[in-house]
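I opened the notebook to record what I looked up in this structure. The entries follow the order in which I checked things.

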Amino acid sequence: MIVGNEPNRGDEWENQPNGEAYAHFLGDVSRRLRENDPSIVILNGAFDLYAPNTNGKPFSDGYRYVDADTFMNQMAGWDKDIFKKIQAWNSHAYPLGPYNEATFPQAMNVDYIHVAPDSRKT
């Protein structure tokens, strides 16, 4: 059972992506489902690995986003054991970059917008 999709995107989560709130939701859903069927396999909602961190402010499209690293840190901040409450990790099988032609260099980059803190430096 996959619990949600791309919870770090505002356009997927009522424009309020929040790792702590998603961890609470994921933990509750996981607990309730496993009470009814202990053999069920719970997976997190896959993150958008290309989402920027807009620091709680809307992007040019009007939506708020949280980068995956910051989002997971928020989840663990709410419940340090949240990742033990799922049985498998879910991710999208997208290619490494938005440009898949050989002439473009491939790189993963996170944008920090509106003075969002870089979670890799904390």
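Predicted model: local features only at pLDDT ≥ 70, side-chain atom pairs only at ≥ 80, totals over all residues.

**Entry 1: helix H2**

I applied the cut-off to H2 first. The residues of H2 that come out buried are Ala68, Thr70, Phe71 and Met75. I then looked down the axis of H2: these buried residues fall within an arc of 165°, so they line one face of the helix. I asked what they pack against, and I found H1 there.

**Entry 2: helix H1**

Next I turned to H1. Its buried residues are Gly19, Tyr22, Ala23, Leu26, Gly27 and Ser30. They span an arc of only 135° around the axis, which puts them on the same side of H1. I looked up what covers them, and the cover includes strand E1 (2-3), strand E2 (43-44) and H2.

I also checked the length. H1 has 18 residues, and the distance from its first C-alpha to its last is 26 Å, close to the 26 Å expected at 1.5 Å a residue.

I noted one further residue of this helix, His24. At 38% relative accessibility, His24 counts as partly exposed. The C-alpha atoms of His24 and Ile82 are 8.5 Å apart, although 58 residues separate the two in sequence.

**Entry 3: the whole chain**

I stepped back to list the elements. The protein chain has 2 helices and 2 strands, and along the sequence they follow the pattern β-α-β-α. Of the 122 residues in the chain, 35% are buried. The chain exposes about 7600 Å², and carbon and sulfur atoms supply 55% of that.

I then looked at contacts between residues with a separation of 6 or more. Residues 24 or more positions apart account for 66% of these contacts.

**Entry 4: the nonpolar core**

Which residues have the most contacts inside the largest nonpolar core? I found Tyr22, Leu26, Ile42, Phe71 and Met75, in a core of 13 residues. The elements that give two or more residues to this core are H1 (19-36) and H2 (68-78). A general remark I wrote beside this: in soluble globular proteins, nonpolar side chains tend to be buried together.

I followed Leu26 further. Leaving out neighbours within four places in sequence, Leu26 is in contact with Val3, Ile42, Leu43, Asn44, Met75, Ile82 and Ile86.

**Entry 5: leucine 43**

Leu43 was on that list, and I looked it up next. Leu43 is in strand E2. It is buried, with a relative accessible area of 19%; the cut-off is under 20%. Not counting residues up to four places away in sequence, Leu43 touches Met1, Ile2, Val3, Leu26, Ile86, Ala88, Trp89 and Asn90. From Leu43 to Val3 the C-alpha distance is 6.3 Å, with the two 40 residues apart in sequence.

**Entry 6: aromatic rings**

I counted the ring pairs and got 8 aromatic pairs. Such pairs link Trp13, Tyr22, Phe25, Phe47, Phe71, Phe83 and Trp89 into a cluster. Tyr22 and Phe71 are also among the residues with the most contacts inside the largest nonpolar core.

**Entry 7: two glutamates with positive phi**

Most residues other than glycine have a negative phi. Phi of Glu6 is near 45°, and phi of Glu14 is near 50°.

Glu6 is in the loop between E1 and H1, and Glu14 is found in the loop between E1 and H1 as well. Are they buried or exposed? Glu6 is buried, with a relative accessible area of 8%, whereas Glu14 counts as exposed at 76%.

**Entry 8: lysine 57**

Lys57 counts as partly exposed, at 42% relative accessibility. Its C-alpha atom is 9.6 Å from that of Ala116, a residue 59 positions away along the chain.

Note on methods
Residues numbered from 1 in each chain as written. Heavy atoms only, no water. Phe/Tyr/Trp six-rings, centres within 6.5 Å; stacked < 30°, edge-to-face > 60°. Core = buried A, V, L, I, M, F, W, Y, C linked by side-chain atoms within 4.5 Å. Buried < 20%, exposed > 50% of the residue type's maximum accessible area, 1.4 Å probe, protein only. Helix = DSSP H or I, 4+ residues; strand = E, 2+ residues; numbered from the N terminus. Contact = heavy atoms within 4.5 Å. Areas by Shrake-Rupley, 256 points an atom, 1.4 Å probe, with all protein chains shown as cover. Expected span 1.5 Å × (residues − 1). Arc of directions from axis to C-beta.
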